[in-house]
Amino acid sequence: LEFRRVLFRSKGKKDKINKIDIVGFLFKKGNLNKDEIGRIDVKDHYSFAAVSRKKIKQTLNLIRNEKIKGIKTLIEEAK
């Protein structure tokens with residue numbers, strides 16, 4: 001599978017966000033399964049998650065206005 005990276009702006013370790021939070025969010029809100037999620041990197045103030053190229057547009061539409069751990073987050077495809 002080929003993956004594209006999704007950027008969670010201003011959400012990272014300093015916001016008490018971890019890989020498990022992001023995986024759960026993508027399962028629940030993004031309707032993804034484990035084969036459609038790749039590498040996840042959580043930095044201090046932002047995070048990246050790799051999502052299957054075939055599912056990227058659908059996933060972004062589903063999660064665009066959702067909250068992760070109750071916090072509004074700007075989510076976009078990483079360039």
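Me: What makes helix α1 an element that lies across strands, and which strands are they?

Reply: This is a predicted model, in which local features need pLDDT of at least 70, side-chain atom pairs count only at pLDDT 80 or more, and totals for chains, interfaces and linings use all residues. Residues are numbered from 1 along each chain as its sequence is written, and side-chain values use heavy atoms, without hydrogens or water. Helix α1 (residues 19–28) lies across β1, β2, β3 and β6, where contact means heavy atoms within 4.5 Å. Helices (H or I, at least four residues) and strands (E, at least two) are DSSP runs, numbered from the N terminus.

Me: What does the angle between helix α1 and β2 refer to?

Reply: Helix α1 runs at about 140° to β2. Axes are lines fitted to C-alpha atoms, for helices over the stretch in contact, and angles run from 0 to 180 degrees between N-to-C directions. Helix α2 (residues 56–63), which lies across β1, β3 and β6, runs at about 170° to β6.

Me: Why are β1 and β3 called paired?

Reply: Two strands pair if DSSP finds at least two bridges between them. Strands β1 (residues 3–9) and β3 (residues 47–52) have 6 bridges in the antiparallel sense, and therefore they meet the criterion. Within this pair, Val-6 stands opposite Ala-49 and Arg-5 opposite Ala-50.

Me: What makes β2 and β6 edge strands?

Reply: The open sheet has the order β2-β3-β1-β6. Strands β2 (37–42) and β6 (74–77) each pair on one side only.
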